[in-house]
Amino acid sequence: MISFPEQLVYRISRFIDLGVDWVLDNFRGFFRGFASFVNSLFNIFDTIFSSIPWWVYIILLVIAGWRLYNIKVGIGLGAMLYAIGMFGLWDDMIYTLIIIFIGVTASLLIGLPSGIAMAKFSRVERVLKPLLDGMQTMPSFVYLIPAVTLFGLGRVPAVIATSIYAIPPLIRLTYLGITSVDKEVIEAGRSFGSTSMQMLFKIELPQSLPTIMTGVNQTTMMAMAMVVIASMIGADGIGAQVLVSMRRLEIGQGFQAGLAIVFLAIILDRIFQGIAKRFERSVTMDG
Amino acid sequence: MAKQVTVENLSVLFGSDKAKEQALKMIDEGYSVGDIREETGVTVANMNVNFDIQPDELFVIVGLSGSGKSTFIRTLNLLNKPTRGDIKINGESLLGLSKEALRSYRRKDVSMVFQHFGLLSHRSVLENVEYPLEIQKVNKKERIEKSRAALEQVGLKDWENSMPSELSGGMRQRVGLARALVNDPELLLMDEPYSALDPLIRREMQNELLNLDDSSERTIVFITHDMNEAFRIGDRIALMRDAEVVQIGTPLDFFKNPANDYVKDFIADVDKSRILKARNIMRKPLNVVTLDMTAKQARTKMEDTQSEYAFVVNEDKEYLGFIVAQDLEKSEARSLKKFLKEDHHVLRRNTYLSDALKALQSSTYDVAVLDKKQHLRGVISNDEIIAALAE
């Protein structure tokens with residue numbers, strides 16, 4: 001076999017390193033500040049989330065499941081949450097939940113306006129579409145590299161990598177929701193003299209809410225997946241338990257933590273899907 | 001005051017700017033819509049459309065799907081932009097409006113009703129009707145008051161808290177109509193509003209529309225593909241085909257002088273006796289006097305119009321009765337009150353001619369045609385009715 005000739009090899013990694021160094025040298029203050037901001041956010045939510053007794057979570061979850069579906073689903077979801085606590089993973093679960101919560105909130109803050117801009121301006125659409133395609137084909141742990149480079153190890157890069165990794169479905173579905181609002185409804189809005197802000201907030205967003213909620217659900221699920229992988233860069237939580245068990249070859253503990261992750265994913269998925277269905281029922285005409 | 005709409009040499013094209021320019025040239029050279037599409041890829045939806053819509057008229061545009069009628073109606077509130085030509089509302093060009101002026105025009109002067117209703121499914125019936133006022137920042141109390149009145153007008157008073165998805169098609173369209181009426185527009189655009197409804201409901205809605213039209217001064221532009229519907233409700237009708245207007249006229253004009261074989265075919269299965277109404281054949285009365293005229297003034301008026309009698313209205317134009325020239329001879333009375341004869345046949349302008357005939361057989365004078373508010377709208381003679389039905 002003839003290999004690729006050595007004289008044609010030209011590595012670009014060196015330039016990237018230079019670029020990163022430059023960014024770090026010039027914006028060190030900014031990244032430090034941002035990291036401490038995220039850190040204090042985390043602490044605030046940690047205080048709030050930890051101050052709520054465990055049984056309140058379970059009761060609220062049972063009620064939510066009952067309201068959104070039926071009492072059976074409510075009890076089922078409650079039992080899953082109880083099992084996580086029973087496995088001794090309650091505090092890890094709360095930790096994971098906070099990373100997801102902050103990550104998804106950040107995704108919402110960035111993703112919603114981006115999706116709207118994409119639907120409104122074809123120029124934004126032309127730039128964002130290939131970017132989103134690229135982001136979705138990228139393996140998840142690739143996101144960890146820049147996060148670690150800029151923010152070091154720990155929970156801060158985990159939150160940031162999570163929110164960036166999880167953002168594409170939200171942008172896509174916001175875009176889809178707004179562009180697929182019924183044409184006559186749009187015409188009606190315009191024909192009565194709505195401003196573009198009124199069109200957006202009184203017609204387009206409410207009409208696309210079910211689609212956007214589906215996006216929130218998918219984003220949450222992706223955040224959930226990322227949070228497990230983020231344990232590789234030093235974030236605590238259930239993911240870290242899996243990682244530790246894997247290193248020590250403790251099959252039982254690893255399986256238990258894995259099951260807890262599945263339970264948490266099911267709980268979040270059911271809740272968000274239930275809310276999305278609610279919205280859907282309120283905007284569909286027939287049915 | 002109701003709006004007058006003037007359409008001047010209007011063409012609406014869809015395609016890229018450059019192709020549209022070429023297509024406009026081809027229009028001027030007399031190419032057909034099909035040729036232009038083949039050559040340039042441009043869709044010509046309206047081509048050199050010219051007509052006036054009079055204040056308070058119920059003007060119907062009829063044509064098969066693809067004839068350009070829906071595109072046309074959307075130019076009247078600039079949902080579609082004319083490629084060439086102009087539209088004037090009471091003499092003022094729509095194309096000259098600034099962004100703010102256009103918004104104000106849409107908010108205050110014109111409303112639209114849609115084929116598939118275009119309701120906001122996330123809002124209740126009342127909230128849907130409130131929408132046009134809400135975006136004008138009308139306060140909540142006034143908004144609800146006006147919306148309830150509009151809902152009452154369309155017979156949906158008890159449904160204000162329902163969601164649109166809970167209503168039948170006919171009721172949904174009534175919500176659409178109430179929403180369009182809530183800002184009391186002077187120009188109402190209706191884009192195939194009843195096409196999605198079943199025939200029985202459709203007829204009911206048509207009658208309601210005629211009733212509504214009768215009790216208000218409002219210009220209505222109504223689009224349909226159903227010739228029977230067009231003739232049932234229209235004061236005047238424009239028939240469109242392949243982006244062009246083939247014929248404009250009253251229902252009677254269409255029966256008397258169809259412009260070509262296409263029009264003949266189109267009206268072939270229209271049942272005339274169930275279509276023609278008093279309003280379609282009535283004339284403008286000349287011999288009209290007001291109650292506060294002196295006998296002398298009334299005599300002069302009758303001499304000027306060469307008639308032996310005159311119709312009497314009050315200062316609000318409400319019809320009161322008639323006077324006969326003989327009675328007034330040499331009288332110096334300061335008012336016409338004592339000469340007034342009230343036992344006179346009158347017709348509603350939406351009465352079908354076949355029904356009108358029965359009512360009129362004994363009358364020797366012209367008969368007054370009134371609208372719902374008792375305003376004198378026109379006159380008809382017995383002979384004219386017979387002639388119209390015999391055509």
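**Group meeting: contacts in a two-chain model**

Let's start with the contact between the chains: 17 residues come from chain B and 18 residues from chain A. Contact here means that two residues have C-beta atoms, placed from the backbone, within 7 Å. Before going on, note that this is a predicted model, where local features need pLDDT of at least 70, side-chain atom pairs count only at pLDDT 80 or more, and totals for chains, interfaces and linings use all residues. Residues are numbered from 1 along each chain as its sequence is written, while chains are lettered from A and ligands numbered from 1 in the order in which they are written.

Now the chain B side. Helix H4 (99-108) and helix H5 (125-134) of chain B each supply at least two residues to it. Helices are DSSP runs (H or I, at least four residues), numbered from the N terminus. H4(B) gives the largest share, 3 residues. By class, this side of chain B has 8 nonpolar, 6 polar and 3 charged residues. Nonpolar covers Ala, Val, Leu, Ile, Met, Phe, Trp, Tyr, Cys and Pro; charged covers Asp, Glu, Lys and Arg; the others, Gly among them, are polar.

Next, helix packing in chain A. H7 (residues 155-179) and H9 (residues 196-229) of chain A pack at about 155°, with axes 7 Å apart. Axes are lines fitted to C-alpha atoms, for helices over the stretch in contact, and angles run from 0 to 180 degrees between N-to-C directions. So H7(A) is roughly antiparallel to H9(A), a term for angles over 145 degrees. The crossing is right-handed: the near helix is turned clockwise from the far one by less than a right angle. The contact of H7(A) with H9(A) holds 16 nonpolar, 9 polar and 2 charged residues.

Over to chain B. H1 (residues 17-28) and H2 (residues 33-40) of chain B cross at roughly 145°, and their axes come within 10 Å. That crossing is right-handed too. From H1(B), the contact uses Ala19(B), Gln22(B), Ala23(B), Met26(B) and Ile27(B); from H2(B), Ile36(B), Glu39(B) and Thr40(B).

Last, the domains. Chain B has domain 1 (5-109 + 185-275) and domain 2 (288-390), with bounds from an automatic or database domain assignment. Their centres, taken over C-alpha atoms, are 36 Å apart. Domain 1 of chain B puts 6 residues into the contact, and domain 2 of chain B puts in 9. On the domain 1 side, that is 2 nonpolar, 2 polar and 2 charged.

How values were computed: Angles under 35 degrees count as roughly parallel, over 145 as roughly antiparallel, 65 to 115 as roughly perpendicular and the rest as oblique.
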